[in-house]
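Trainee: I would like a close look at a single part of this model. Please take me through it step by step.

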Amino acid sequence: MPALPVFTVIQWDELSEESVLTTPLGANLFRMEESAVIGEAVLGDVIETMPGEDGRVRFVRVRMPSELKTDVWLLPHRAGESEEVALFLKGVIEAGGKWERYMGGLFRLHLPPAEFDRFADEFERVIRSAS
């Protein structure tokens, strides 16, 4: 039976840590089920860790990068709430991609490499139109 996603506290360095949704893969490996906000790993990456204190894990490296290409856009609040953006994000999912939203206006798109440029151009158009 495959492992289920769990929240894992990852120590990125001596001063920063965060709780992110991961799937344990065994042998100190975790697949990121969401992107880190303060760390360097993104959704779909497989990371290597070392055991830390109090159930935490210490980040070692990205062992296998996500197969999806990732970038981040900052949208005005009004644009982020628009129907155009909602329809665009539905298209991202239909194309085999994923998206994440942080702090209201930060959107991170994860797309198949063959689709990335088309969707990036379209997102820029949607943002201008919705702003």
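Which residues of α3 are buried?

Mentor: A caution to begin with: this is a predicted model. Now the helix. Helix α3 covers residues 113-130, which makes 18 residues. At 1.5 Å a residue, α3 should span 26 Å.

Now your question. The buried residues of α3 are F116, F119, A120, F123, V126, I127 and A130. What covers them includes two strands, β6 (69-74) and β8 (106-111). The cover also includes two helices, α1 (77-80) and α2 (83-94).

Take F123 next. The structure holds seven aromatic pairs. F107 and F123 form one of them, and the geometry is edge-to-face. The ring centres are 6.2 Å apart, with 75 degrees between the planes. An angle over 60 degrees counts as edge-to-face, so 75 degrees qualifies. F107 lies in strand β8 and F123 in helix α3, so this pair ties together parts that are 16 residues apart in sequence. Both F107 and F123 are buried.

Now widen the view. Ring pairs link F107 and F123 into a cluster with W73, F88, W99, F116 and F119. F116, F119 and F123 are also among the buried residues of α3.

Finish with E115, which is also found in helix α3. Its relative accessible area is 24%, so E115 is partly exposed; the cut-off for buried is under 20%. E115 and K69 are 46 residues apart in sequence. In space, their C-alpha atoms are 9.1 Å apart.

Methods:
Residues are numbered from 1 along each chain as its sequence is written. This is a predicted model: local features need pLDDT of at least 70, side-chain atom pairs count only at pLDDT 80 or more; totals for chains, interfaces and linings use all residues. Side-chain values use heavy atoms; hydrogens and water are left out. Helices (H or I, at least four residues) and strands (E, at least two) are DSSP runs, numbered from the N terminus. The expected span of a helix is 1.5 Å times one less than its number of residues. Buried means under 20% relative accessible area, exposed over 50%, partly exposed in between (1.4 Å probe, protein chains only). Contact means heavy atoms within 4.5 Å. Rings of Phe, Tyr and Trp (its six-membered ring) pair if their centres lie within 6.5 Å; planes under 30 degrees apart count as stacked, over 60 as edge-to-face and the rest as tilted.
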